[in-house]
Amino acid sequence: MPVAASAIYFLNLRGDVLINRLYRDDVGGNMVDAFRTHIMQTKELGTCPVRQIGGCSFFYMRISNVYIVIVVSSNANVACAFKFVVEAVALFKSYFGGAFDEDAIRNNFVLIYELLDEIMDFGYPQNLSPEILKLYITQEGVRSPFSSKPTDRPVPNATLQVTGAVGWRREGLVYKKNEVFLDIVESVNLLMSSKGSVLRCDVTGKILMKCFLSGMPDLKLGLNDKIGLEKESQLKSRPTKSGKTIELDDVTFHQCVNLTRFNSEKTVSFVPPDGEFELMKYRITEGVNLPFRVLPTIKELGRTRMEVNVKIKSVFGAKMFALGVVIKIPVPKQTAKTSFQVTSGRAKYNASIDCLVWKIRKFPGQTEPTMSAEVELISTMAEKKSWTRPPIQMEFQVPMFTASGLRVRFLKVWEKSGYNTVEWVRYITKAGSYEIRLAS
C-alpha cells in the first residue's frame, strides 16, 4: 500500500511550522500541535520515528535542523514514507545547491510549495527525479554561497521523460564513439568442513554497465540462463545449442528493464541510462564452480609446538590467474615464534589478528602451492583452555572467471540512426565469505 499521506510538515527544532501542505481533509489542521505536545515537548524524538496519536500516525525524520513529519490516518507503508522523505530532500538539495536547512526552506518557500504539488498527489508519491522535474520546473532556488554553480545543460524534449516512459535517460545525447562496457562481478560464499565437504555455498552476482551511446538506443542482453534458453527455443521452434545452462535465483532488475517483455520472452531488454548503473542482481545456489580448494593440516605437538601445512589448489583454467590472494590461518593467542616455508608468495605471523597470513600476488590456474609453518607457543602455568580453531579465511579476485558459470551470449544495440557500437565484456569473481573449517 502506498503512503496515502494526509499532510506533510516541516518544523524547526523549536517546533515552529516552517511550511506545510495538506493533501487530504481526513485530519485536522491542528495535528501538528499534537506532535509538538506529545513528542517534541516530552523529549521522545529519539525513541521511535513512528508514533500514533489520536487515531493518526506520525512518521518523522530529522534532516539538519529541520524535522519532516508525515501525518497519515490510514494503514500506510512506513518504508515508502521514509523513502519519499529521503528522495524529497535530495530533490530540494539539487535545487538549493546542496543545502537543506531552516534558512534554505525560508528562502525558497514558493519553490517548495510548487515542488510539493508535483511530487505528491492526493497523498500518493509521484516522480521525484530531479532531472525530470527540472525540465518543466525551471525556477532556480536561492543557493547557498558555498555551493558550486551548476553547469548549463541543453533542455531536451521532456515529453517522454515527464510521462515516465524513459525517465532515467534524457534525449539529445551524442558521442563520437559509441561504447558499452559490461562487467559481471560475482562473490563466492563458501563454508567447507575440515574433510573437504561443502557445508554451504552460493554465489551473489551483479551486472554493471557503463553506456556511452548516442540517441535513444534499445539494448537486448542474452545470458545462458536455463529459463531464457528454453523460452528462446520455443519461440524459434528449434533447440538452442548453448553449452552449459544455469538457474538464476532472486533476480532483481534496474527500472529500465522491460519487465513485460522479460516475463513473456525471458529476454533482458532495456533503454539504458547514460553512464554507469547496475543492470541486475542475482544469486545462484546450484552448480557453483569453486575457484580454490584448500587442504589444511594442523598438528599440535604438545603444549608448546604446532605444525601447520596448507595446500591450495586453483581449479580454474591454466591460462587464467588470480590476483591478490590472501589466506589467513588462525593460530592460538599464545603464539611466540613462527618459521615458514612456502613454494609461492610470502607468509608472516600477524599478532593483531592471531593468524598466519599467506599472500600470493599472482596465482596461476591449475597449480598447487603449499605452505609449511612451525609455531612455538608460550607455556603457561594456568589451566590450558581448549583452542576453538576458527576457520581459515581467503581473499582473492579472479578475472575472466565466473563461479556461477554465467556467460553473456549476446549484447545487441539498436538505434534508429544505425551507428556502430563497440561492446566490452569482463568477468570478475571475488571472495565473499570463503571459509574452511579446521579439524577439532
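Predicted model: local features only at pLDDT ≥ 70, side-chain atom pairs only at ≥ 80, totals over all residues.
Numbering runs from 1 along each chain as its sequence is written, and side-chain values use heavy atoms, with hydrogens and water left out.

Of the 440 residues, 42% count as buried, where buried means under 20% relative accessible area, exposed over 50%, and partly exposed in between (1.4 Å probe, protein chains only). The secondary structure comes to eight helices and 23 strands; these are DSSP runs numbered from the N terminus (helices H or I, at least four residues; strands E, at least two).

Now for helix 4. Its buried residues are L111, I112, L115, L116 and I119. Seen down the axis of helix 4, they fall within an arc of 135 degrees, so they line one face of the helix; the arc is that of the directions from the helix axis to the C-beta atoms. V110 lies in this helix too (residues 109-119), but V110 is partly exposed at 47% relative accessibility. Together with F109 and Y113, V110 forms a nonpolar patch on the surface, with about 270 Å² of accessible area in total. Patches take residues with over 30% relative accessible area and no salt bridge, joining like charges within 9 Å and nonpolar side chains (Val, Leu, Ile, Met, Phe, Trp, Tyr) within 5 Å.

On to the charged pairs. The structure holds 12 salt bridges, each a side-chain nitrogen of Lys or Arg within 4 Å of a carboxyl oxygen of Asp or Glu. Among them are these:

| Pair | N to O distance |
|---|---|
| E179 and K177 | 3.5 Å |
| R283 and D250 | 2.8 Å |
| E395 and K328 | 3.3 Å |

R283 in strand 13 (residues 275-284) and D250 in strand 11 (residues 249-253) link distant parts of the chain, 33 residues apart. R283 is partly exposed at 30%, while D250 is exposed at 51%. E395 lies in strand 21 (residues 392-399) and K328 in strand 16 (residues 321-330), so that pair ties together parts 67 residues apart in sequence. Salt bridges that share partners also join K311, K313 and E368 into one network.

Terms used
Areas by Shrake-Rupley, 256 points an atom, 1.4 Å probe, with all protein chains shown as cover.
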